[in-house]
Structures are given as C-alpha cells and as structure tokens.
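These are my notebook entries on a structure I looked through chain by chain.

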Amino acid sequence: MKPPAWTVLLFLLADVAGASAAARARPAARPAASDPSSPDVSAAYSFLRAGEAHLHGADVSASFRFRPRWRLLGDLSLHSGSFAGTHLKQTNFMAGARRLFSPGRHWQPFAQVMLGGAHSTSTFEGSEVLISSQTSWGGTVGLGTDYRLSPHWAIRGQGDYLILHSSAGWDGDPRLSLGLAYRFPR
Amino acid sequence: MLRCGGGSNPASPSGSGVKLQGVVLQNATGNASSASVSARSATAGKIVVTVQENSSLSVTVSGNGTFEIQNLPAGGFTLIFSVNGVVVGQITITAVSEGTTIKIVVKLSDKDVELVDLETDDDNGQGGDQPKTCMINGGTAGSNIELEGNVASGDSSQFKMRVNGNRAGDLVDVAASGASYKCNGDKGTVDCKANLKVGVKVHVRGNLTACSTSAASVTATQVMIQKD
C-alpha cells in the first residue's frame, strides 16, 4: 500500500533534522556522503520551453554507479501548459550517463548526457476537439549540482538542453529542474 | 526555442507592431462532441509560415506545432503555409491594430490549411480591457474579414454559417448573391454555386457590414466551398 504523503514528509524532515543535530555535534564535519556507489533517485519541479510554449511539470530520475565518478541514469519528465488557446503536453523519456566532478563541502556538481525521445500532444477544445501528436527522438546534455543536506538527502538543481528531431525538423528546448535527491543506504 | 534546422527568423528588434502566436495541428482529427476525440500522428514535414507582405518574416513551426511571429504589419496580413517547400494554403487576417497580440489555431492537412480559432489580445489599451462589441474575435464592422466554418442554413444567395472554433459567439449571416464561387480551388461556375448546401465547409471572404455581440452580417465577395 502506498504510504500517505504526510508520512513521506515526516520521514524527510526527521532525516534532515537528525542530520542537522549530528552536524551540530560535529561542527567541523561535512555531511558525509553516503556510499557513493549506492543508487539514488530524485524528484523535481521542472520547466521546459517547448517550441514557443512555456511548460511546467515534474522530472523524476534514478541513477547508479557503474564506474568511479560515473553513473548510469534514467530520466522521465512530464510537462504541460497552454499556448494560443491550445493545451500542450510533453513527455520526455531519456537514459544516459552522469559524470560526477570533485565534490565540495556540500556541493556535488555533475554533467550528464542522455539519449531518448519525447512525445508531445496538442489539444484544442472548441466546437470540436482536435488533437495532434508527435514523437521526436534525440538527446540531452546538461549540468547540475547536488547540495547535500544530510548523508542521504540533497537539493538538486540542473539545467538540460534537449535536442530533438521529428518530421518537422530539429528543435532545441531548454529545461530547468529543481528538487530533492535521495541516495539509498547501502 | 531555437530552431536548429534553419529558415527561422522571428525577428523583433523594436517589439512594436503586431505579434502572432499560433499552433499548427497537423492532420488533426476531431469530433463535434467535446467528449469524443480522435487523434492522428503528424505525417507532415517541415512547416514554414511566411508573411506574404514581408517575406523576410518567416518562421519554422516547432515540433509541437507552436510558432510566433513579431513585427507584423498593422491593418492586415496574409500567412502562407508551406510543408517541405510546397505551399498548402494561406490565411488572411484583417482589421488588426498596432500592439495587438493575435492567437490562432490552424488545422493543416496535406492539401489545405484551415483557421480553427482566432483570438486577439490588445496590448495598447484600445480594446483589451474594453467591453467586446463584436461577437467575432478579430472582427470590426466595416472591415474586410475571412471566415471558415460550415453552412448551417440557407442557400447560395443568403446563408448562415457556423464559424470554426470559438471565434464567433453565434451564427453569422452571409449575403452571397454577388459573390464569386470557387469549389476545391477550381474556377467558379454555376454548378459550383449549387454545391452550397447545409453542412458543407466554406471559406468566406468579404466585408463585415455589421457586428454586435449577438449578430453579425458579412457581404461576401468570394465563397470557397471546401472539400470534405
């Protein structure tokens, strides 16, 4: 059974509070990175400029280590919005690799490259309902960073540039995401 | 949005003039009932929209069908739609004042282009906040106008039409006794005129002689009967 949202929130707060107390007890210590080889997941608010439209939505991803400083990842994002009276939706599904750079006291910057696709749907509801859909293929390059709050939790911000090809030609769409990342204990 | 494939020129050095935001629905299909829909993936290729009055104003439509053109001439303009370099149709928009943002929805097939919806958003305070006086979006009494829709009643000399999308609040009266008729791109003939029946799709070009919030009358100069 899926736990209610408030239990997840309590868990998150307890985890962060516990980490803060530990940090106060050891003021010189930096938030210990949990085992860097353990998998992580993230969930974020995401903004996508798709064509001329500004879309908002969510981005979830998961990654695991496959070489030192390298992680494999999968990413799924869903965005929606309206433009010129038409409702637009876009789903991006990507997989690729993430390169971790030397971490700072709290910061863990990274760069990533992914390949995949995007499915967009445009719906106009007037006296009749019209729907047009399109699937594009391509990839994304991006940069981001984690700001570690605790051994397991971090704030993650990232920017990607989606390069997609369809029968209509090439599109280049920027995407910005801000959310939380959780690294599982080993 | 950056178009990687070239041809795009959404230039807007001064930010003045008329701005157009549009969505192209490619090979979209639908149903008159809002509860029922059907969809079709696009098969069309690269779509380019060019302004007839200034061919340097040209944009490539993005993968999700959105496009934007700025610095359009006030008064009116004609948009030419081409797919893979082949012109498939055009749409003329009239009675546009400076500073207006126009939002259009266009349905594009392999053979023609159809204006589904048009809304205006006047940024210069000359209309956006004022009460609406004409039931046709983008319509001004005494100005030229183009409408697309279906014949609801009447005959080739006088009929009522239901305008596509949300552009008009009610049926529009069309006086067409003096209009030239064209059928599917052919030259008008008496036989073509006879094809005007209830339910057929028409493109009407003419003058909006009167318009209120509840009624509108157009004196047509040309009636094009579209292929189903």
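**Entry 1: a loop residue in chain A.** I began with A:Ala84, which I located in the loop between strand 3 and strand 4 (86-100) of chain A. I note at once that the model is a predicted one. Phi of A:Ala84 came out near 50°, a positive value in a residue other than glycine. Most residues other than glycine have a negative phi. Is A:Ala84 buried or exposed? I counted 26 C-beta neighbours inside 10 Å, so A:Ala84 is buried.

**Entry 2: another positive phi.** I then looked up A:Arg69, whose phi is near 70°, again a positive value in a residue that is not glycine. I found A:Arg69 in the loop between strand 2 (53-67) and strand 3 (70-83) of chain A. A:Arg69 counts as exposed because it has 12 C-beta neighbours inside 10 Å, and a count of 12 or fewer places a residue in that class.

**Entry 3: chain A overall.** I recorded one helix and eight strands in chain A. Read from the N terminus, the order of elements is α-β-β-β-β-β-β-β-β. Of the 186 residues of chain A, 36% count as buried. I also checked the contacts in chain A with a separation of 6 or more: residues 24 or more positions apart account for 55% of them.

**Entry 4: a residue of strand 8, chain A.** I placed A:Leu176 in strand 8 (residues 169-183) of chain A. Which residues does A:Leu176 touch, leaving out those up to four places away in sequence? I listed A:Ser46, A:Phe47 and A:Gly159.

**Entry 5: chain B overall.** Chain B has one helix and 17 strands. Its 228 residues include 39% that are buried. Among contacts in chain B between residues at least 6 apart in sequence, I found that 57% join residues at least 24 apart.

**Entry 6: the domains of chain B.** The domain assignment of chain B gives domain 1 (18-122) and domain 2 (144-225). How many residues of domain 1 of chain B are in contact with domain 2 of chain B? I counted nine, and they meet eight residues of domain 2. On the side of domain 1 that touches domain 2, strand 9 (86-96) and strand 11 (113-122) of chain B each supply at least two residues. Strand 11 of chain B gives the largest share of that side, five residues. By class, the residues on that side of domain 1 divide into five nonpolar, two polar and two charged.

**Entry 7: the largest nonpolar core.** I next went through the largest nonpolar core, which has 68 residues. Those that touch the most other members are B:Val106, B:Met161, B:Val172, B:Val218 and B:Val223. Strand 17 (residues 216-225) of chain B contributes the largest share of this core, six residues. Domain 1 and domain 2 of chain B each give this core at least three residues. For B:Met161 I looked up the contacts, not counting residues up to four places away in sequence; among them are B:Leu147, B:Leu171, B:Val172, B:Val202 and B:Val204.

**Entry 8: strand 10 of chain B.** Strand 10 (residues 100-108) of chain B is mostly covered, with eight of its nine residues buried. Which way do strand 2 (residues 18-26) and strand 10 of chain B run, parallel or antiparallel? They run parallel and are joined by eight bridges. Within strand 10 of chain B, the residue opposite B:Gly22 is B:Ile104.

**Entry 9: a four-stranded sheet in chain B.** I traced an open sheet of four strands in chain B, with the order 6-5-8-9 and antiparallel pairing. Its edge strands are strand 6 (54-60) and strand 9 of chain B, each pairing on one side only. Neighbouring strands of this sheet are turned by 25° against each other on average, direction ignored. Strand 5 (residues 47-51) and strand 8 (residues 75-83) of chain B run antiparallel and are joined by five bridges. As a last item, I noted B:Ser82 in strand 8 of chain B as the bridge partner of B:Val48.

Notes:
Residues numbered from 1 in each chain as written. Chains lettered and ligands numbered in written order. Predicted model: local features only at pLDDT ≥ 70, side-chain atom pairs only at ≥ 80, totals over all residues. Domains from an automatic or database assignment. Contact = placed C-beta atoms within 7 Å. Nonpolar A, V, L, I, M, F, W, Y, C, P; charged D, E, K, R; others polar. Core = buried A, V, L, I, M, F, W, Y, C linked by C-beta atoms within 7 Å. Buried ≥ 20, exposed ≤ 12 C-beta atoms within 10 Å, placed from the backbone. Pairing = 2+ DSSP bridges. Axes fitted to C-alpha atoms, helices over the stretch in contact; angles between N-to-C directions.
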